Amino acid sequence: MDASVTLIGTGLMGFPMSVNLLRAGVSLTVWNRSVGKAVPLAEQGAVLAGSAAEAVAGADIIISMLSDGPTVGASLAGTVPKSGALWIV
């Protein structure tokens, strides 16, 4: 897959999803509010973004795997995806 993928939220569901994407050879950027949860993914080849806005910038596909609507709103405020990006919430 040539598309760049970002996964935001590397908790109970997002972490194993990220591992599967990495195993499939997907170019993956990850971000999590608690950085420590995303560090093991960086050790497996993911790019660890410093902020949600940084993670989203330039991604072709964005996957949000966050706990609830208010968390999504708070975590993704100010993020701007590139034109034509697919955002899976």
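Residues are numbered from 1 along each chain as its sequence is written, and side-chain values use heavy atoms, with hydrogens and water left out. Because the model is predicted, local features need pLDDT of at least 70 and side-chain atom pairs count only at pLDDT 80 or more, while totals for chains, interfaces and linings use all residues.

The largest nonpolar core has 12 residues, among them V5, V19, L22, V30, L41 and I63; such a core is a set of buried Ala, Val, Leu, Ile, Met, Phe, Trp, Tyr and Cys residues joined through side-chain atoms within 4.5 Å. Two or more residues of this core come from each of β1 (4-8), α1 (14-23), β2 (27-31) and β4 (61-64), where helices (H or I, at least four residues) and strands (E, at least two) are DSSP runs numbered from the N terminus. A second, separate core of 11 residues includes A52, A55, V56 and A59. In soluble globular proteins, nonpolar side chains tend to be buried together. Leaving aside its neighbours within four places in sequence, L41 is in contact (heavy atoms within 4.5 Å) with T10, F15, S18, V19, L22, V30 and A46.

N32 is found in the loop between β2 and α2, and N32 counts as buried because its relative accessibility is 10%; buried means under 20% relative accessible area, exposed over 50% and partly exposed in between, with a 1.4 Å probe and protein chains only. Two distances from the side chain of N32 are set out below; a polar contact is a pair of N or O atoms within 3.5 Å, and within protein one must be able to donate a hydrogen and the other to accept it, while residues adjacent in sequence count only if both atoms are side-chain atoms.

| Side chain | Backbone atom | Distance |
|---|---|---|
| N32 | nitrogen of T10 | 2.7 Å |
| N32 | oxygen of S34 | 3.0 Å |

K37 is also found in the loop between β2 and α2, but K37 is partly exposed, because its relative accessible area is 48%. Leaving aside its neighbours within four places in sequence, K37 is in contact with T10, F15 and N32. K37 and G9 are 28 residues apart in sequence and 8.9 Å apart in space, C-alpha to C-alpha.

V39 lies in helix α2 (residues 39-43) and counts as partly exposed because its relative accessibility is 31%.
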